Amino acid sequence: MSGIIGETISEELSEDGRARRRMMLMGGAAIAATAATRLLPESVRAAVPGTAEKPIDFLFAIYPNGTLLDFAGPNEILSRIPNTKIRFASPEGGFVTLEKGIVFGPTEKLSDIDKVDVICVPGALNLSAMMKPEMLGHVRRLSETARYVTSVCTGSIILAASGVLKGQRSACHWAFLNVLKEYGAIPDPARIVKDGRFMSGGGVTAGIDFGLAIAAELRGGTGCAGSAASCPV
């Protein structure tokens, strides 16, 4: 009965009512984005892009069946810091079908990317698209020259499988943390982990915290101080 009532009310909404509801939803998203931006360190918010400074080239390596929130959360932060170019690349380029049938894109083709300043590999329950030797090779190639090599959730397993995390501390989703050992990485249960130029966020909900931490690293905030530091974010 309640479902029938709900459908009737929905059908009877005036165009003005629907417009107001859309505005409320958009307003809520804007408020959330503004709140996230205000969490950035003052030095990050106050930074002004310099004409002589090369923009930071930040790449999210996404793939079929990936988890949207793993990169959508960090992107909300990173897309708001000055002089930063956000890019998305996938195994085949074009549009990518993520978990739950969400289609994202268009994306660049991973093999077409020469180098980036920061690479971030988000996670998923199904990592098969990125665990192929060719894709791991591209991850390894881009990681070798990147200023920062990063991941969210089980994305660190992809990095570890590519060979770039041997002997490095890394976070991962708690249920898969010990898988890192199979590839020579050192599992760290902290929410945010930094070991030199490697930075990782734990489970999917750590993505925004990771975004704040890497934004501080890139734009002069305190970030995660020290080598092999675990950040209590």
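Two strands pair if DSSP finds at least two bridges between them. Strands β3 (residues 94-97) and β4 (residues 103-109) are joined by three bridges and run antiparallel. Val96 stands opposite Phe104 in β4. The two strands make a hairpin with five residues between them. In that turn, Lys100 has a positive phi of about 65 degrees. Helices (H or I, at least four residues) and strands (E, at least two) are DSSP runs, numbered from the N terminus.

This is a predicted model, in which local features need pLDDT of at least 70, side-chain atom pairs count only at pLDDT 80 or more, and totals for chains, interfaces and linings use all residues. Residues are numbered from 1 along each chain as its sequence is written, and side-chain values use heavy atoms, with hydrogens and water left out.

**Overall picture**

The protein has seven helices and 11 strands. Of its 233 residues, 45% count as buried. Buried means under 20% relative accessible area, exposed over 50%, and partly exposed in between (1.4 Å probe, protein chains only). Contact means heavy atoms within 4.5 Å. Among contacts with a separation of 6 or more, 66% join residues 24 or more positions apart.

**Helices α4 and α7**

Two packed helices are described by the angle between their axes and the distance between the axes. Here, the axes of α4 (residues 68-78) and α7 (residues 207-218) come within 7 Å and cross at roughly 35 degrees. The crossing is right-handed. That is, the near helix is turned clockwise from the far one by less than a right angle. Axes are lines fitted to C-alpha atoms, for helices over the stretch in contact, and angles run from 0 to 180 degrees between N-to-C directions.

From α4, the contact uses Gly73, Pro74, Ile77 and Leu78. Its α7 side includes Phe210, Leu212, Ile214 and Leu218. By class, the contact has nine nonpolar, three polar and no charged residues. Ala, Val, Leu, Ile, Met, Phe, Trp, Tyr, Cys and Pro count as nonpolar, Asp, Glu, Lys and Arg as charged, and the others, Gly among them, as polar.

Helix α7 is largely enclosed by the rest of the structure, because 11 of its 12 residues are buried. Asp209 and Glu217 are among the buried ones. After α7 comes Gly220, whose phi is positive, near 85 degrees.

**Helix α6**

In α6 (residues 155-162), eight of the eight residues are buried. They pack against β5 (118-121), α5 (133-145), β6 (148-152) and β7 (169-170). Just after α6, Gly163 takes a positive phi of about 95 degrees.

Asn75 lies in helix α4, and Asp57 in strand β1 (residues 56-61). Their accessible areas are set out below.

| Residue | Relative accessible area |
|---|---|
| Asn75 | 18%, buried |
| Asp57 | 10%, buried |

Leaving aside residues up to four places away in sequence, Asn75 touches Phe60, Ile86 and Phe88. Asn75 and Ile86 are 11 residues apart in sequence and 7.8 Å apart in space, C-alpha to C-alpha. With neighbours within four places again left out, Asp57 is in contact with Lys85, Arg87, Lys115, Val116, Asp117 and Val118.
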